[in-house]
Amino acid sequence: MLKLDTSAFEAYAERLDRLGANLKPIFTEALEQAADKITQDTQEAMQNQNLPAGGKYHHAGNPTERSILEHPKVKWSGMIGEMGVGFDFSKHGAGGYLITGTPRMAPDLELNKIYKSKRYMSEIKKGMRNVFEDAIQDYMGG
């Protein structure tokens with residue numbers, strides 16, 4: 001499971017609210033942009049010829065690659081936005097095993113970095129902050 005702590009964005013939300021901005025479209029844009037980055041990085045990691053199991057999962061059109069969620073959309077329930085990223089575990093594929101590994105297989109380092117690294121999440125948050133800062137500039141007329 002990928003977790004994103006959004007408490008760092010409260011100040012942006014308050015400032016945008018004071019400027020009269022409609023917050024949902026801005027948060028939707030930030031979340032969907034983050035999801036697109038995660039999807040792109042996941043697809044690139046899946047192109048790695050040195051995936052665990054001797055590259056068994058690196059074949060064009062294999063079930064694991066087909067289980068990658070592409071262009072997920074935010075679903076709002078009140079003020080809570082949710083969206084799936086990464087692999088659709090309801091579809092056949094080994095995405096979860098490639099991220100975490102198994103007793104007999106080490107995790108794929110690139111996928112593990114995406115889904116388990118605090119550094120990667122800080123890069124995602126930076127991209128989201130840019131969306132909020134751009135929106136603030138737009139509402140301030142600059």
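Modeller: The answer below starts with the chain, goes on to the core, and ends with the charged pairs and the surface.

This is a predicted model, in which local features need pLDDT of at least 70 and side-chain atom pairs count only at pLDDT 80 or more, while totals for chains, interfaces and linings use all residues. Residues are numbered from 1 along each chain as its sequence is written, and side-chain values use heavy atoms, with hydrogens and water left out.

Read from the N terminus, the order of elements is α-α-α-β-β-α-α-α. Of the 142 residues, 38% count as buried (buried is under 20% relative accessible area, exposed is over 50%, and partly exposed is in between, with a 1.4 Å probe and protein chains only). Among the contacts in the chain with a separation of 6 or more, 64% are between residues 24 or more positions apart; contact here means heavy atoms within 4.5 Å.

Now the core. A nonpolar core is a set of buried Ala, Val, Leu, Ile, Met, Phe, Trp, Tyr and Cys residues joined through side-chain atoms within 4.5 Å. The largest one holds 32 residues, and Leu-16, Leu-111, Met-128 and Phe-132 touch the most other members. Two or more residues come from each of helix 1 (10–18), helix 2 (23–46), helix 4 (95–100), helix 5 (109–116) and helix 6 (118–139). Helix 2 gives the most, with 9 residues. In soluble globular proteins, nonpolar side chains tend to be buried together.

Apart from neighbours within four places in sequence, Leu-16 is in contact with Ala-21, Leu-23, Ile-26, Phe-132, Ala-135, Ile-136 and Tyr-139.

Helix 2 also contains Thr-39. Thr-39 counts as buried because its relative accessible area is 6%. With neighbours within four places in sequence again set aside, the contacts of Thr-39 are Ile-68, Leu-69, Glu-70 and Pro-72.

The whole structure has 2 salt bridges (a side-chain nitrogen of Lys or Arg within 4 Å of a carboxyl oxygen of Asp or Glu). One joins Lys-37 to Asp-41, with the closest N and O atoms 3.0 Å apart. Both residues are in helix 2, 4 residues apart, which is about one turn of the helix. Lys-37 is partly exposed, at 36% relative accessibility, whereas Asp-41 is buried, at 12%.

In the other bridge, Glu-110 pairs with Lys-113 at 3.3 Å between the closest N and O atoms. Glu-110 and Lys-113 both lie in helix 5, 3 residues apart, again about one turn. Glu-110 is partly exposed at 36%, and Lys-113 is partly exposed at 40%.

At the surface, Leu-19, Tyr-139 and Met-140 form a nonpolar patch with about 280 Å² of accessible area together. Patches are made of residues with over 30% relative accessible area and no salt bridge, like charges being joined within 9 Å and nonpolar side chains (Val, Leu, Ile, Met, Phe, Trp, Tyr) within 5 Å. Leu-19 sits in the loop between helix 1 and helix 2 and is partly exposed, at 33% relative accessibility. The chain exposes about 9000 Å², of which carbon and sulfur atoms supply 50%; accessible areas come from the Shrake-Rupley method with a 1.4 Å probe, and for residues only the protein chains shown count as cover.
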